[in-house]
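Student: I like to see the criterion behind each label. Could we go through this one label by label?

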Amino acid sequence: MLLRSSFTRAGLMMGLVAICAMQPLDAAELEPSTISFKIGSRYNTEFYKDTMDQRTGWFQWRTQINYALGLAASPAGNFTLRGVAGTGGSYTSAWNKFASTTGQTVPDQVFNMRQIYLQDDYEGWRGQAGVIPPNGGDIPTLGYDSDGWVRGGRLIAPLGDGDFQLVTGAIDNLDDPNAFNGWEEWNYFGSKLVQPLPWWELKGALSYEYLADQNYVGAELGRAWELDEGMKLHGGLEALYNFTTPSWAWAAAARLKTSPVNVTLAYTYINPRFGLRGELSDDFFTLGHRLSVNFGGEAFIKDLKWFANTDIAEQLVRFRVGFTYSFGASEPGYLARFD
């Protein structure tokens, strides 16, 4: 099996042009210089819904490295170099397959730099340039898969009690997650306005996106409830409309977080004519209707987490069970400071 590394093309660094601006760092975010590791293993199997005959069965493993290097604190902002390196052979998957229970051929064991970008935080603004994270959501359903990327730039500006975001570039090389691949032709533009609403502590968002010759508009509603000490419920509704090829995608999700177990229930519908945008959504399984029931929590060791997920679609059923373990270190500060 081939171990394929993407750390061989330094030319990308010349393309990391900072966009001055950024949203203030949340208290939960990593320190300016940090590195964190995530390792995991799972069994992933699919069945035909009508007969329950097994379609695929894979043992999989995952390794992911998230890093942030504080480069400079200056009057123009605080600059950090950030990125994600890890396993996974596609835009929507960070898992490598290493053994099959259905006799399928084991693919190459890949490890790539999936994201690498320069970030600048300046007085409530945020800018990113390079191979940057895609847009996500509070409860990922129709948001882009967090393991994906955009080759381009993002600007986030504070606006009222929320923010306004612009991002543009290319979403490309979907089956070759190598940040040092050559940049393909521009095919993506997105804008998103996020604001708290004056009713019932709701948070709302409106968006417009252009991707691969298709135009999409979207809306989101979400709310969080503190039910008890150590117990939080978060609910969300999302809808996307493709007005180039008229079709809908929508989702409803709820996540209950408690000390021993987290439970997420989500319903998603993506019209088969919806285009590439639907196939890049978080943890994409199949088009059409999908019901997901996910359980997870901490095991007996700190930072060791287990999960058991079920997805029921129109033609297929998927089960996934496994664990992940996270660890890391951080060091406040920057390589250089300028007054």
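Tutor: Gladly, starting with residue classes: Ala, Val, Leu, Ile, Met, Phe, Trp, Tyr, Cys and Pro count as nonpolar, Asp, Glu, Lys and Arg as charged, and the others, Gly among them, as polar. By these classes, the lining of the largest cavity has six nonpolar, six polar and five charged residues. The model is a predicted one, in which local features need pLDDT of at least 70 and side-chain atom pairs pLDDT 80 or more, while totals for chains, interfaces and linings use all residues. Residues are numbered from 1 along each chain as its sequence is written, and side-chain values use heavy atoms, without hydrogens or water.

Student: What makes a space a cavity, and how many of 30 Å³ or more does the structure hold?

Tutor: A cavity is a set of points on a 1 Å grid over the protein atoms alone where a 1.4 Å probe fits but cannot get out, and lining residues have an atom within 4 Å of a point. The structure holds two cavities of 30 Å³ or more, and the largest has about 160 Å³ of space. Such a volume is the space filled by probe spheres set on the points, which are joined across faces, edges and corners.

Student: Which residues are closest to the centre of the largest cavity, and which strands each supply at least two residues of its lining?

Tutor: Of the 17 lining residues, Lys192, Ser207, Glu209, Glu220 and Arg277 are closest to the centre. Strand 11, strand 12 (203-211), strand 13 (214-228) and strand 14 (231-242) each supply at least two residues. Strands here are DSSP runs of E with at least two residues and helices runs of H or I with at least four, numbered from the N terminus; the chain has one helix and 20 strands.

Student: Now the rings. How many aromatic pairs are there, and why is the pair of tyrosine 144 and tyrosine 188 called edge-to-face?

Tutor: Rings of Phe, Tyr and Trp (its six-membered ring) pair if their centres lie within 6.5 Å; planes under 30 degrees apart are stacked, over 60 edge-to-face, the rest tilted. That rule gives 13 aromatic pairs. For tyrosine 144 and tyrosine 188 the centres are 5.9 Å apart and the planes at 80 degrees, so the pair is edge-to-face. Tyrosine 144 sits in the loop between strand 8 (125-132) and strand 9 (150-159) and tyrosine 188 in strand 11 (residues 188-196), so this pair links distant parts of the chain, 44 residues apart. Both tyrosine 144 and tyrosine 188 are buried.

Student: And what makes the pair of tryptophan 250 and tyrosine 269 tilted?

Tutor: The centres of these two rings are 4.8 Å apart and the planes at 35 degrees, so tryptophan 250 and tyrosine 269 form a tilted pair. Tryptophan 250 lies in strand 15 (residues 247-257) and tyrosine 269 in strand 16 (residues 262-270), so the pair ties together parts 19 residues apart in sequence.

Student: How do you know whether tryptophan 250 and tyrosine 269 are buried or exposed?

Tutor: Buried means under 20% relative accessible area, exposed over 50%, partly exposed in between (1.4 Å probe, protein chains only). Tryptophan 250 has 35%, so it counts as partly exposed. Tyrosine 269 has 13%, so tyrosine 269 is buried. Across the chain, buried residues make up 46% of the 339 residues.

Student: Which charge lies over the face of tyrosine 144?

Tutor: Arginine 277 does, at 4.0 Å from the ring centre. The criterion asks for NZ of Lys or CZ of Arg within 6 Å of the ring centre and within 35 degrees of the ring normal.

Student: Why is aspartate 145 called buried, and what is it in contact with?

Tutor: Its relative accessibility is 2%, so aspartate 145 counts as buried. Aspartate 145 is found in the loop between strand 8 and strand 9. Contact means heavy atoms within 4.5 Å; leaving aside neighbours within four places in sequence, the partners of aspartate 145 include Tyr91, Thr92, Leu280 and Asp283. Aspartate 145 and aspartate 283 are 138 residues apart in sequence, yet 6.0 Å apart in space, C-alpha to C-alpha.

Student: What is the phi of aspartate 283, and how exposed is this residue?

Tutor: Phi is positive, about 55 degrees, although aspartate 283 is not a glycine. With a relative accessible area of 22%, aspartate 283 is partly exposed. Aspartate 283 lies in the loop between helix 1 (276-279) and strand 17 (288-298).

Note on methods:
On a 1 Å grid over the protein atoms alone, a cavity is a set of points where a 1.4 Å probe fits but cannot get out, and a pocket is an open set with protein on both sides within 12 Å along at least five of seven lines; lining residues have an atom within 4 Å of a point.
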